[in-house]
Amino acid sequence: MQARILRAVLRPGFRHGLHTAQPSLTVCGIRSVSAPRSRLAVNQATSLLYTSRTCYPVAAHTTSAVLRRLDSRFFSAKVVRAGVETSALPVLAPPAVGHWLLFSSALVFAVIVVGGVTRLTESGLSITEWRPIAGVMPPLNVEEWNAEFEKYKATPEFKLLNHSISLDEFKNIFYMEWGHRILGRLIGVTFVAPLAYFAFRKQLAASMPAKLTGMALLIGFQGFLGWYMVKSGLEDAIMETPAAVPRVSQYRLAAHLGTAFVLYAGMLGTGLAAIKDWKYARGGPWSGSKTTSWEEVLSNPVFKQFTRQSRVLTALVFFTALSGAFVAGLDAGLLYNEFPLMGGRIAPPMDELFSPSYAKSADGSDIWWRNIFENPTTVQFDHRLLAMTTYFGTCLLYAQSHRPAVRTILPPLARVSVAAAFAMANVQVLLGLATLLYLVPAGSVALLSTMVHLLISLRRPGVAAQLWRNAGVQAKKATTP
């Protein structure tokens, strides 16, 4: 009987809760055994329990560990009934966290597309105030609609472009911008509230709280940045510029869109990683590979080189999309409506690409960067170069994945992601050539999504997932006759 108790107490239990640095003494299977008859058995078990903590080196290097119970979420009911438990393990985020992050990323995707449509319909300057709370409700009666319309009549856009629109036409552009702002507020609520819930329930992995809190702050900053962008299109100074067109600052537009891309990629990548780690912890294959050990794959020089190339291409996709914001902000896409030539030439003349008229300093030292960011001709030319570089880079990465030396080590999900990126790159080229869809960044976001999924497929499982998987293997071995 003492031997049975001794075997039981060697496996301390754990359950959701606060971190503790003290060893835990939990008798497993207590319902099936009786209490020890002497102190000797308990003392022997206790001394062995302290030494058993060295089974997991991570626990020895951390000042705290989350005590959790191994239940049916990870192991079969047979293992749970057997009372098999393991030593302290770090928190592993449940699938609900991953699904919530994927839902949040889908909302960010939607708000990016709606923002592109809002710009395409020239609706972004229809709301002249930023009221985070009161602005939730649109005008509800004729008096309120007339008040909003009068505010819009004072803007440069109405005076220069839309001076003949009616109240009903104003309502159409108002609702488009209002919907864009409401969707942004919805993202904030649906992100912050679940974040607080999961944090309170201590269901976030060790690296998640700081990362997700940063995303929450970035959502709030994104709202302010959106108004800061709109405000630039409401300034009366544009009325003094001959033949000027009311538009927002391309710098602020690029910052607004770039922040949205960062949010989207962060939510999508973190959500995918959480779900894949959970599946791996339960004994699932790494990135769809049932036969290959990820330790061997990640140490392969060919695999490391492919991973570096994937990261470079992901950054290139991001900067190409960001350059599209400058094209949209300056309406640069309207200058040359032919491809691949520009005005019958591969590249416009140098005096047009770097015009001295854009330099504002007396010595002309700012001619280079001002033309790159403010000259519509140069902005479109640069965007074309980045877009074609991205396309050919995707083609090369796809071809690289079919090399025998690379294909044999790539996990299945990585190969699927590369194929999806190649297909999406071709679709994006077609979207870029379509005039009506040129200003809507849906294709760029979709291409970025495939690259984020590729990077997640190439990553190693999280430390928590590795420990939970090892604990599961040991638990099943313990129940094997």
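Reader: Which residue does E129 form a salt bridge with?
Author: E129 pairs with K151 in this predicted model, and their closest N and O atoms are 3.0 Å apart.
Reader: Switching to helices: how many residues has α8, and how far does α8 reach?
Author: Helix α8 covers residues 167–200, which makes 34 residues. From first C-alpha to last, α8 reaches 48 Å, close to the 50 Å expected at 1.5 Å a residue.
Reader: What about K202, is its phi positive or negative?
Author: K202, which follows α8, has a positive phi, near 55°.
Reader: Okay, α15 next. What span should its 26 residues give?
Author: At 1.5 Å a residue, helix α15 (residues 376–401) should span 38 Å, and its end C-alpha atoms are 37 Å apart, so the two agree.
Reader: What does N375 reach at the start of α15?
Author: A side-chain oxygen of N375 comes to within 3.1 Å of the backbone nitrogen of T377.
Reader: Last topic, the surface. Which residues gather in a patch of positive charge?
Author: That patch consists of K304, R308, R311 and R460. Of these, R308 lies in helix α12 (residues 301–329).

Methods: Residues numbered from 1 in each chain as written. Predicted model: local features only at pLDDT ≥ 70, side-chain atom pairs only at ≥ 80, totals over all residues. Heavy atoms only, no water. Patch = residues over 30% accessible without salt bridge, like charges linked within 9 Å, V, L, I, M, F, W, Y side chains within 5 Å. Areas by Shrake-Rupley, 256 points an atom, 1.4 Å probe, with all protein chains shown as cover. Salt bridge = Lys/Arg side-chain N within 4 Å of Asp/Glu carboxyl O. Lys, Arg positive; Asp, Glu negative; His and termini not counted. Charge placed at Lys NZ, Arg CZ, Asp CG, Glu CD. Helix = DSSP H or I, 4+ residues; strand = E, 2+ residues; numbered from the N terminus. Expected span 1.5 Å × (residues − 1). Polar contact = N/O pair within 3.5 Å; in protein donor to acceptor, adjacent residues only side chain to side chain.
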